[in-house]
Amino acid sequence: MKKRYDHIIKGGTILCMDASFTVLEDHFILIDDGKIVDILPVDVIRDYRADCVQDARNCLVIPALINAHSHLPMTYFRGLADDLPLDKWLGEYIWPLEAKMVTGDFVYDAALHGAAEMLKNGICLTNDMYFHCDKIAEAVTKAGMRAIVSYAIIERDPNTPHKSYEANMLALDEYCRDYPLVDCSFAPHAIYTCSKDLLKSAADFALKHDWLLHTHLSETRGELENCLKEHGKRPLDYLADLGWLEAKCLFAHGVWLSNEELKRLGKSRSAIAVCTDSNLKLASGFAPLKAMREQGVCYALGSDGVASNNNLDLLEELSTTSKLHKALNADPEFLPAREAFAHVSIEAAKALGKADSLGSLEKGKAADICIIDTTNLQSSPLYNPYSQLLYAMGSHQMRDVMVAGTYAVQDYRLTNLDEAELVDTANRYKSKILRELNIEKHTKP
Ligand SMILES: [Zn+2]
């Protein structure tokens with residue numbers, strides 16, 4: 001009796017995103033127990049049986065995307081306060097709103113909405129930073145996606161667990177053991193919201209327990225200038241002197257990093273989450289991508305929260321980033337499509353310390369896979385699949401999205417959630433936010 005596997009994905013153009021950028025035609029992916037068992041030529045398919053066989057003819061089959069920096073539960077703040085500088089946006093709108101609105105229920109509902117949006121855009125994993133991480137773990141699991149969750153530690157903030165960071169982190173880690181798609185990291189929010197003592201103890205903790213550190217760094221010129229004034233050194237140097245670069249770090253933004261800082265970063269295990277849309281919209285600047293590449297800095301793309309983006313669309317983020325940096329460097333050959341795509345797949349997995357299991361379609365790796373139908377006007381004709389992904393296609397074209405061997409999106413529909421219900425819930429929260437905060441005046445066009 002032949003073994004039955006869970007899934008077969010048959011045909012299509014498979015972009016493996018392995019070390020040699022293998023592209024396969026006339027192959028099928030054999031999946032069992034959440035993992036890719038093998039990728040084989042269709043000639044031998046008759047030797048295999050599976051409970052579910054998905055036809056991927058005329059489709060691109062790609063590794064599901066990885067988002068290196070997000071704040072999932074900010075979904076309900078989308079479009080509430082736009083066209084403002086970062087300090088004003090945070091201080092006058094986002095932080096007061098969060099202090100008043102953010103409860104466990106709010107976080108669960110908003111994270112569910114964010115996870116649904118990410119899944120429909122082909123994202124299988126997000127590296128998140130917020131509050132009530134237990135609720136985020138529950139929400140992403142319900143949606144069927146992966147997350148690395150972390151408390152955004154802002155000292156003196158009522159939502160931050162204060163008494164003992166170490167005990168809280170370990171308790172979260174313990175809690176997340178019941179959620180196999182969820183991991184934890186330690187996330188002091190930024191150098192300007194956390195004390196030196198806390199930042200030092202975070203580095204000590206991360207080294208001791210081999211945890212990822214996640215923070216915002218060098219996002220604005222103001223942050224850089226204040227750091228120079230207060231500490232007499234640049235932001236990365238300040239953290240490095242507190243032991244951060246001995247651990248593995250994910251720095252969101254990295255807009256105002258000097259060449260010397262990048263050199264230091266290139267020699268470390270750490271990475272940058274480039275958040276182009278958020279940086280452009282808040283006019284914070286743009287990450288020095290060319291210098292980052294020259295110094296061998298690992299980087300991935302991040303959406304940031306929707307309150308500053310305002311969507312969770314990594315393909316769009318990638319397209320903007322790629323074109324922006326071609327223009328900035330006056331070089332159309334800068335960051336070709338194939339290389340660019342690595343920064344939402346295999347390079348993103350490396351940035352988060354997950355390259356052993358995620359980021360490419362290879363034997364033994366997790367079955368996190370997107371299938372994109374190309375039989376439509378926007379995708380035709382198709383000469384180069386990478387170019388098509390970057391410059392022509394949109395995330396709305398993701399037909400099926402599999403995470404850990406289970407379809408979270410099938411035939412463009414969420415399999416675990418009711419999209420109409422999510423939209424209704426979002427509108428109920430909108431009314432609540434406006435009523436409780438009496439801020440109608442800010443949202444009138
Ligand atoms: Zn952020």
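The following questions and answers concern a predicted model of a protein chain.

User: Which residue ranges make up domain 1 and domain 2 of the protein chain?
Analyst: The domain assignment divides the protein chain into domain 1 and domain 2. Domain 2 covers 65-351. Domain 1 is written as two ranges, 4-63 + 365-414.

User: How many residues does domain 2 give to the contact with domain 1?
Analyst: The centres of domain 1 and domain 2, taken over C-alpha atoms, are 29 Å apart. Domain 1 puts 21 residues into the contact. The number from domain 2 is 24 residues.

User: At what angle do helix 12 and helix 15 pack?
Analyst: Two packed helices are described by the angle between their axes and the distance between the axes. For helix 12 and helix 15, the axes are 8 Å apart. Angles of 65 to 115 degrees count as roughly perpendicular, and helix 12 and helix 15 are therefore placed in that class. The angle itself is about 95°.

User: Which residues of helix 15 make the contact with helix 12?
Analyst: By class, the contact of helix 12 with helix 15 has five nonpolar, two polar and no charged residues. Helix 12 contributes Leu315, Leu318, Ser319 and Ser322. The residues from helix 15 are Leu389, Leu390 and Tyr391.

User: Which strands stand at the edges of the open sheet of seven strands?
Analyst: The sheet has mixed pairing and runs in the order 3-2-7-18-19-20-21. A strand at the edge has a single partner strand, so one side is left without a neighbour in the sheet. The edge strands are strand 3 and strand 21 (413-414).

User: Which residue of strand 19 stands opposite Ile371?
Analyst: Strand 18 (369-373) and strand 19 run antiparallel. Four bridges join strand 18 to strand 19. Opposite Ile371 stands Asp400.

User: What is omega for the cis peptide bond that joins Asn309 and Asn310?
Analyst: Asn310 is in the loop between helix 11 (306-309) and helix 12 (314-328). The bond that joins Asn309 and Asn310 is cis. Its omega is about 10°.

User: Is Ala404 buried or exposed?
Analyst: Ala404 lies in the loop between strand 19 and strand 20, and has a positive phi of about 50° although it is not a glycine. A residue counts as buried if 20 or more other C-beta atoms lie within 10 Å of its own. Because 21 other C-beta atoms lie within 10 Å of Ala404, this residue is buried.

User: What is phi of Asp26?
Analyst: Most residues other than glycine have a negative phi. Asp26 is in the loop between strand 3 (23-24) and strand 4 (27-32). With 13 C-beta neighbours inside 10 Å, Asp26 counts as partly exposed. Its phi is positive, near 55°.

Methods. Residues numbered from 1 in each chain as written. Predicted model: local features only at pLDDT ≥ 70, side-chain atom pairs only at ≥ 80, totals over all residues. Domains from an automatic or database assignment. Contact = placed C-beta atoms within 7 Å. Helix = DSSP H or I, 4+ residues; strand = E, 2+ residues; numbered from the N terminus. Buried ≥ 20, exposed ≤ 12 C-beta atoms within 10 Å, placed from the backbone. Pairing = 2+ DSSP bridges. Axes fitted to C-alpha atoms, helices over the stretch in contact; angles between N-to-C directions. Parallel < 35°, antiparallel > 145°, perpendicular 65-115°, else oblique. Nonpolar A, V, L, I, M, F, W, Y, C, P; charged D, E, K, R; others polar.
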